[in-house]
Amino acid sequence: MLALLAGDLRAGCSTGRLVEGLWPEEQPENPTKAVQVLVSRARSQFGADLIASTPTGYRLALTDDQVDTSAVLQSANACAQSARTGDHAAALGHAETGLAYWEDGVATDEPGDDPLSVLRAARASTYHSLVKARALALGRLGRRAEAIEALTPLTTEYPRDEELLLELLKSEAATAGPSAALARYDAYRRDLRDELGTDPGAGLQAFYRDLLQDDAPAVRHGVPHEPNALLGRDADIAAVTGLIHSSRVTSIVGPGGLGKTRLAQVVSRQAEQRSVHFISLAGVKTDEDVTGEVASAFGVGESLRTADQLVGIIGALGAGPVLLVLDNCEQVVRGVADLVQALVAMTQDLRILTTTRAPLDLSSEAVYLLPELDLPTSIELFVQRARAARPNAELPADAVAELCRQLDGLPLAVELAAARVRVLQVAEIARRLEDRFALLRGAARDKPERHQTLYAVVDWSWNLLEPAGRTALVRLSIFPGGFTASAAEHLIDDDALEILEHLADQSLLKATDTPAGLRFRMLETVREFSTAHRPADDDARPRFLSWAREFGTVHHTQLYEVNPGPAIQKVRADQDNLVHALRWAIADDDRATIASVAAVLGSLWNLEFNHTRMATLVQDTEWTLVHYRPEPEYVEVTRTALALAASGVFLVQGAVATRALVGLKRLPAAPPDTIMRAVAVMAGTAYESAERFPLVLREFRDSAEPLLAGVANAVAGYLAEVEGDLDNAMTAAQRMHDAFAGSRTPWMRLMAHLRISELCLQVERGAEARQHMLAAQAELGVIGEPAEMMEFQLRWGLVLAALQTGDADETERLLAHSAGTWDGEAVAIPDLGIRAEIALCRGQIDDGLALWRQAVRTDNQDNPAFDLIVDPTMDPWVLEVQAAAVVAHAQHGRLDEVADVVAELPAKVSLLLNDPVAKPVSMMEFPVCGSMLLALGMVDLDRGATASGVRLIALASRLRFLRNFQPTMSAVQARVTAEKAETAGRPTYVDWESSYAGLGRGELRAAALAALRDRDI
C-alpha cells in the first residue's frame, strides 16, 4: 500500500486503484473496508499523520524529500540542471545523493508482480541516468582516475554513447597518455565504419585532432620556475585546477601578500593544457591599456585597433585547449573584465586564470577566495626562511608559534618576519610587531617593488579605494573582533552595504558565515594600517560606543529568554568588541555604555560560569554603577549589571554586604517578572538587615511569583550547603526546580537540574544525580548553544555519577569524552584520580594506588581549577586529590608510599581553617577541610592512634567531606572503618557525631582546630 501511495505523492491513489494493486487476482469480500483496515494499521504503526484522506482515496502526507522514490527524482533533476549550467561539483553531489537511496547500489529493470517491485523498476531509468551523470561529472572535475573506473563499464554497456566515450578518452589521455586514448578512438572508428558505415561525431573528431597535437611538447610562455617549494597550498592547487577544468574563467582572489601569483605559477606549470601563457599586468595603470599590454606580450602590434588586437591575440593563442593567465589585475579590473569577456565569446577551448584582489564580476567567472596559511604551515615557512637567513638562529617552537599567530597567515608577512632573524631573536620580533610596518620591510630582491614592505602591500590596495571606502575602512578598523553589516552602519554615513561589498571585493574585508550570521573581519595588518590613518578628530570612537550601548541594551535580556541560542552566539561573536568598548567607556566615564556593556557581558559570563571574568568585571565597574543615576532607557541594563555583581559576590563569598546592593536599592522598583529583576529584588531586599534576612527569605521562597520563588530557594539552598545542612539544601533545590518547572526560560530549568545533581553527588545518590544531569543536558540541547564550562561540568558530573554507582566500564567510557575547555583554555580535571578509582573497583590495587601517586605528582598546580585562589597549592582540586590519595593508601596499608603528602596535610588544613586569604570559595571550604581531616583520621588509625582517628573521621563526616572519588571516599566505608577501630572507654564515632551535630560554622572550625591540636601523634 505504501508503494502504491508513493507512486504519486501529490495526487495519491484512489481506493479503487489501491484495491486493484493490493489484490489483483482475488479481492476481499469488502475491499473498501479492507483498505480502511490497512490504512488504520499503517497509521497506528507509523503515526496518525502519515496517511491523509482525499476525496477519492488516500495520499502520503509527506514531502518529496521524505520519500526515497520521490527524492531520487529530485536529485536527478537537480543533477541535470547543475550539469547544464556547468556546475559539475554540484552535479556530482546530487548524483551521489540520489544513488545513495539504493541500499544495495544496484537497480533492477525487471519488474515483479507486487507494487513495490513495480515502483522500483520504474525508478531504474533514474538510477542509470544518475550513474552516467556521476561518471561524467568526475571526468569534468578532473578526477580522472575515478572517472575511468566509472566510465569504462558504462562505455561497454552503451558502446555508441559518444558523450561517455569522449570523457573516457579525455581521462585516459590525462592518465595513461595520448597513445592509449588514440588506440581506443581508432578502435571505435573502425567498429563504427564496419557496422554503420559512418564516422564519429564532431566532438570526438575534434578531440582526436587535439590528441594528435599532444605529441608536441608542452609550452609554458612566461611561467617562471619556482625558486623554492610552495608550502601548504596542495588543496588550493587542486581546487583551482578543478575550477579551471569546469569554468571558462577562474579568478584567484585575496589580499596582497597572500601568494596569489605563486599559486597561479604552480597551477600554470602543472596545467593539463599543452599551451599556457602567463602575463603580468602589474605595470598597467589604466583600463584602456589592458588589451594593448596583452597584445604586446603576444607580439601583436600595439598600434592596431582594439578589435584587431583581439583578433591578433586569438590567433597567437592558437587552436585547441589553451590556458591564459593574467596576473595582478586589481588596479585595472574593468579593462581585464572587458578583455576576458571578449576572449571567452570568441573562443571555444580557451581557459583564463586571473589573480586579483577584486573579482571580475563576470557570469563566466568562478572565484576562488584564497585562504590564509594555517598556523602549522606559517611555522614551517618561517623556520625555512629563518634558517636560510641565519642557519644557526635559535627558533624556540613556542615563540615561533606565538609570532606566527600574529602574522595573519600572510606568506609575505611570514617571510619578512623571518628575514629579521638576521638581527633579532624571535621573541624580539614578536614584541616589535606592535609597529609591524616598520619591522616588516626589506624583502628579497627578486620580489616585486610592491612586495618589498608590508606597508607597500596594503598601500597598493589603499590607493585603489575611493575616499568613501578609505573613510569606512578607517572607522571600521575600530572593531577588534570583526563586525556585522548592522554594526558597520553605526560607523558609516553612506550606503553601508555598498561600501562593505566594495571593500570585500578589494580583499580588504573578509566575509564569513558564522553561527551568529554573516560577519566581516579585517586582517590585523589591514586593521593596523587603517588605524594609523585615522585622523585625530575622527568621530569613530563615540560612534563605536553608541553601537555598544545599543547592542547591550537590546541583547542583555535575550540571553535569558525562551530561545537564547541566537543571542548567545551574537554576544560571543562581539565579545572582543564589547570588551574593547568597555575599556574606552571606563576611560571616558561613559556610564550609560558601562552599564549596557557590563549587563550583556556579565550575562554571558554568568551563564558560562566564567567566574574569573565576572570578578574582574565587578571590580572594574561596580563603583561606577553604584554611583550612576541612569536615564530611563538605561535603568534595566544598570539593574542587570548590579544584580549580576551582587550574585557573583554571593556565589564566591557567601551572604556579605556589597556596594552593588546599595546601587540596586537606588533604582526604581520593578516586579520580578524576569530572572534579573527577580535576582535584583532578592538581592536588594533580602540583605537590608541581618535581622530581617531569614524572614524575608522565607517569604520570598513561598512567593506566588515563580521566578522570585526560584531565586529565593536557590539562595536558601546555597546558604544551607555552606552550613553543611545538605538535607535542607536538597529541599530548597527541589523547590527551586518546582518553581522553574513552568518557566519559559530553559536556562532556569537547566540550573535547577544541575543544582539537584550537584547535591545528589554530595550525598552519594549517583543514579539520581545522573537522571538530573541528563535532564540538564536535554535543556542544554534546547538552548542550542552550550557554554563550554557548562557542557564540561555536565560531562564530568556524569563521570562521577557512574563512578558512584560502581559502573567502572561506563565511567571509563564517559571519562574518554569528559575533557573540556573554558575561555579557550583546557580545563584541568583530576582524571588520574578517576582512573585510579576504576582500577580499585576492578580489584587492581597496585595499578590503582600507582595512579593515585601519579595524580598527586601532576595535581594541576600550574592550571588551578579556581583562578581566585592565591596559592595554587591550596586549590580545592589539588587538596581533594591529595586527601583521596592518602585515604586510598591508608585503606590498603601502604601509607609509606605517600609519606611526603601525609607530612604536608596538617599544615595545609590548619592554614585553611585559620587563614581567610587561603580559603577556597565559601561553599567548598568545609568539604575540602573535611576531606583532609578524613585523610588524617585514616593516618591516625593506621598508626594506632585510634581515638584521634575516630574523632577526625566523625568530624570529617560532619564537614561533609567530598565524595567524588568512589569507592575510596565513601561515607559508609569511612564510618565502618571508624566504628571497627573504636576502643573501650573512649568516645565512639556516634558520640563524636552527636557532639558535632548542632555546631555552627565558627564552632566547627574551632572543633577542627582542637582536634588537630589533640592528635595523639
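Which residues form one aromatic cluster? In this predicted model, the members are F479, F483, F520, F544, W547, F551 and W584.

The count for the model comes to 13 aromatic pairs. One of the pairs is F483 with F520, whose ring centres are 6.0 Å apart; the planes meet at 25 degrees, under the 30 degrees required, so this pair is stacked. F483 sits in the loop between α23 (467–476) and α24 (485–489), while F520 belongs to strand β11 (residues 517–521). The two residues are 37 residues apart, and their pair links distant parts of the chain. Both F483 and F520 are buried.

W992 and Y996 also pair: because their planes are at 20 degrees, with ring centres 5.8 Å apart, this pair is stacked. W992 and Y996 lie in helix α49 (residues 989–997) and are four residues apart, which means a separation of about one helical turn. Y996 has a relative accessible area of 4%, so Y996 is buried.

| Pair | Distance of ring centres | Angle of planes |
|---|---|---|
| F483 and F520 | 6.0 Å | 25 degrees |
| W992 and Y996 | 5.8 Å | 20 degrees |

Charged side chains also lie over aromatic faces. R189 is placed over the face of Y208, at 5.2 Å from the ring centre. R1001 lies over the face of F926, where the distance from the ring centre is 4.3 Å.

Methods. Residues are numbered from 1 along each chain as its sequence is written. This is a predicted model: local features need pLDDT of at least 70, side-chain atom pairs count only at pLDDT 80 or more; totals for chains, interfaces and linings use all residues. Side-chain values use heavy atoms; hydrogens and water are left out. Rings of Phe, Tyr and Trp (its six-membered ring) pair if their centres lie within 6.5 Å; planes under 30 degrees apart count as stacked, over 60 as edge-to-face and the rest as tilted. Buried means under 20% relative accessible area, exposed over 50%, partly exposed in between (1.4 Å probe, protein chains only). A charge sits over a ring if NZ of Lys or CZ of Arg is within 6 Å of the ring centre and within 35 degrees of the ring normal.
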